[in-house]
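Visitor: I'd like to go through this one label by label and hear what stands behind each. Could you show it to me?

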Amino acid sequence: MGFDSGMRLLMCAALLPCLLGCNTPSPAFRGVAPVRVTIGKSTFDVRVDGNRAEAIRLNWEWAPRLEAVAPRAVAATEKVSGCEVRKPDGDQALILARLKCAKGSAAAPRERIQYDCDVEDVYARRKRGEVIREMTCVPRRF
């Protein structure tokens with residue numbers, strides 16, 4: 001084994017932990033079981049803890065923009081939590097959100113189910129600043 005082979009092996013070993021942590025939750029969501037949801041072209045692991053949620057995009061997409069991914073992450077989070085997303089923040093890979101739940105109820109993580117969802121219609125009402133999403137979700141069968 002020459003010097004080049006040894007260096008190549010060392011670099012691969014050093015980069016391996018970085019590649020393994022692609023869907024690892026942030027410290028605040030460690031220990032919370034994810035629910036996998038596919039909406040359109042994006043697949044997310046969504047974790048809900050009280051009035052906070054985290055959606056990690058798992059799939060590869062060519063040059064994803066936050067403007068394209070964020071509505072899908074919000075829809076996935078709302079589907080899993082049963083609450084309205086108030087303040088989404090993050091980037092194309094990780095969206096953190098504050099949740100607004102119905103009075104007297106707190107968001108509770110649902111059982112571990114994977115969903116396939118299609119967003120059928122997305123449009124905005126300009127006067128009120130609302131975004132309306134119509135989506136159909138079907139649990140995956142294993």
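Guide: Two helices and seven strands make up the protein chain. Starting at the N terminus, the order is α-β-β-β-α-β-β-β-β. Keep in mind that this is a predicted model.

Visitor: What makes cysteine 83 and cysteine 101 a disulfide?

Guide: Their sulfur atoms sit 2.1 Å apart, and the cut-off is 2.5 Å, so the pair qualifies. By that rule the count comes to one disulfide. Cysteine 83 is in the loop between H2 and strand E4 (84–90), while cysteine 101 is in the loop between E5 and E6, 18 residues apart.

Visitor: Why is the disulfide of cysteine 83 and cysteine 101 called right-handed?

Guide: That comes from the torsion about the S-S bond: it is about 95°, so the label is right-handed.

Visitor: How do you know whether cysteine 83 is buried or exposed?

Guide: Its relative accessible area is 8%. Buried means under 20%, so cysteine 83 gets that label. Cysteine 101 has 21% relative accessibility, which falls between the 20% and 50% cut-offs, so it counts as partly exposed.

Visitor: Why is the contact between arginine 72 and glutamate 61 called a salt bridge?

Guide: The closest N and O atoms of the two are 3.3 Å apart. The limit is 4 Å between a side-chain nitrogen of Lys or Arg and a carboxyl oxygen of Asp or Glu, so the pair passes. Arginine 72 lies in helix H2 and glutamate 61 in the loop between E3 and H2, so the bridge ties together parts 11 residues apart in sequence. Arginine 72 is buried at 15% relative accessible area, and glutamate 61 is buried too, at 13%.

Visitor: How many salt bridges does the structure hold?

Guide: Four. One of them pairs aspartate 45 with arginine 36 at 2.9 Å, N to O. Aspartate 45 is buried at 2% relative accessibility, whereas arginine 36, at 26%, is partly exposed. Another brings together aspartate 49 and arginine 52 at 3.3 Å. Aspartate 49 is partly exposed at 33%, and arginine 52 has that label at 27%.

Visitor: What makes a group of residues here a nonpolar core, and which residues have the most contacts inside the largest one?

Guide: Members must be buried, come from a set of residue types such as Val and Phe, and be joined through side-chain atoms within 4.5 Å. The largest such core has 22 residues, and Val37, Phe44 and Val46 have the most contacts inside it. Elements giving two or more residues include strand E1 (35–39), strand E2 (42–49) and helix H2 (66–81). H2 supplies the largest share, six residues. Valine 37 touches, among others, Phe44, Ala76, Val80 and Tyr115.

Visitor: And how much of the protein chain counts as buried?

Guide: Of its 142 residues, 30%. The chain exposes about 9,700 Å², with carbon and sulfur atoms supplying 55% of that.

Note on methods
Residues numbered from 1 in each chain as written. Predicted model: local features only at pLDDT ≥ 70, side-chain atom pairs only at ≥ 80, totals over all residues. Heavy atoms only, no water. Buried < 20%, exposed > 50% of the residue type's maximum accessible area, 1.4 Å probe, protein only. Helix = DSSP H or I, 4+ residues; strand = E, 2+ residues; numbered from the N terminus. Contact = heavy atoms within 4.5 Å. Areas by Shrake-Rupley, 256 points an atom, 1.4 Å probe, with all protein chains shown as cover. Lists of a residue's contacts leave out its neighbours within four places in sequence.
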